[in-house]
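Good morning, and thank you for coming. Please look at the sequence and the structure on the screen while I speak.

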Amino acid sequence: MRDHDEFFDEIPDGPSRSQERREALAVLDLAHRLVELSEAQLAHVPLDDDLHAEVLRTRRVTQQIARKRQIQFLAKQLRRNADALPAIRAALDHDRDLARREAAGLHRIEAWRERLIADGDTALGDLLAEHPTADRQRLRQLARQARVERLENRPPHALRELFRALREIIGNDATP
């Protein structure tokens with residue numbers, strides 16, 4: 001029988017199999033995210049020509065099982081270029097943060113629009129306190145028209161126009 005110390009001498013110093021599996025699954029998730037990007041978004045990701053071509057090749061595969069295998073192959077190619085992974089992740093995270101900020105800005109504009117329709121002049125006064133250059137008369141008119149459109153179940157023309165006007169006013173604060 002072997003000595004207890006001999007057993008511990010044979011344990012490798014590298015990452016455990018569980019850690020390697022977690023890292024491989026993270027790269028597979030990264031491959032899925034790359035395939036789902038639009039062409040414009042993919043252009044901002046720092047990929048070498050071979051990886052870019054592999055992402056485009058993976059997109060063209062439409063059958064479910066074949067696509068799964070192709071994404072796994074893309075993940076394998078990504079793991080081979082492990083030095084490029086941090087830059088790719090950083091670019092994807094930046095795009096995700098940008099999208100979150102844009103969505104938050106749009107939600108803020110929608111909230112102002114709903115406040116203007118529901119509260120009328122009190123909400124308009126609060127908006128003008130934050131943005132004194134806004135056109136009071138135009139905003140009041142659009143809010144009233146939007147309220148009437150909702151009550152009469154008419155198409156939301158003034159509602160959309162009010163959103164556009166608020167996006168012009170708040171737009172500099174709402175979008176980065």
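Predicted model: local features only at pLDDT ≥ 70, side-chain atom pairs only at ≥ 80, totals over all residues.

Residues are numbered from 1 along each chain as its sequence is written, and side-chain values use heavy atoms, with hydrogens and water left out.

Let us begin with helix packing. Two packed helices are described by the angle between their axes and the distance between the axes. Helices here are DSSP runs of H or I with at least four residues, numbered from the N terminus. Axes are lines fitted to C-alpha atoms, for helices over the stretch in contact, and angles run from 0 to 180 degrees between N-to-C directions.

Helix H2, residues 17-36, and helix H6, residues 85-119, have axes that come within 11 Å and cross at roughly 55°. H2 is therefore oblique to H6; angles under 35 degrees count as roughly parallel, over 145 as roughly antiparallel, 65 to 115 as roughly perpendicular, and the rest as oblique. The crossing of H2 and H6 is left-handed, a term for a near helix turned anticlockwise from the far one by less than a right angle.

Which residues of H2 meet H6? They are Ala26, Val27, Leu30, Arg33 and Leu34, and their partners in H6 are Leu85, Ile88, Arg89, Leu92, Asp93 and Arg96.

Consider Arg33, in helix H2. Is Arg33 buried or exposed? Arg33 is buried, because its relative accessible area is 19%; buried means under 20%, exposed over 50%, and partly exposed in between, with a 1.4 Å probe and protein chains only. Leaving aside its neighbours within four places in sequence, Arg33 is in contact with Leu92, Asp93 and Arg96, where contact means heavy atoms within 4.5 Å.

The axes of H6 and helix H7, residues 121-130, come within 6 Å and cross at roughly 140°. H6 and H7 are therefore oblique to each other. The residues of their contact divide into five nonpolar, one polar and six charged.

We turn to the cores. A nonpolar core is a set of buried Ala, Val, Leu, Ile, Met, Phe, Trp, Tyr and Cys residues joined through side-chain atoms within 4.5 Å. The largest has 20 residues, and those with the most contacts inside it include Leu116, Leu127 and Ile170. H6, H7, helix H8 (136-151) and helix H9 (157-174) are the elements that give two or more residues to this core, and H9 gives the most, with seven. A second, separate core of 18 residues includes Leu47, Leu74, Ala75 and Ile88.

Finally, some exposed residues. Asn153 is found in the loop between H8 and H9, and Asn153 counts as exposed because its relative accessibility is 72%. Its phi is near 55°, a positive value in a residue other than glycine. Most residues other than glycine have a negative phi. His157 lies in helix H9 and counts as exposed at 55% relative accessibility.

Methods
Nonpolar A, V, L, I, M, F, W, Y, C, P; charged D, E, K, R; others polar.
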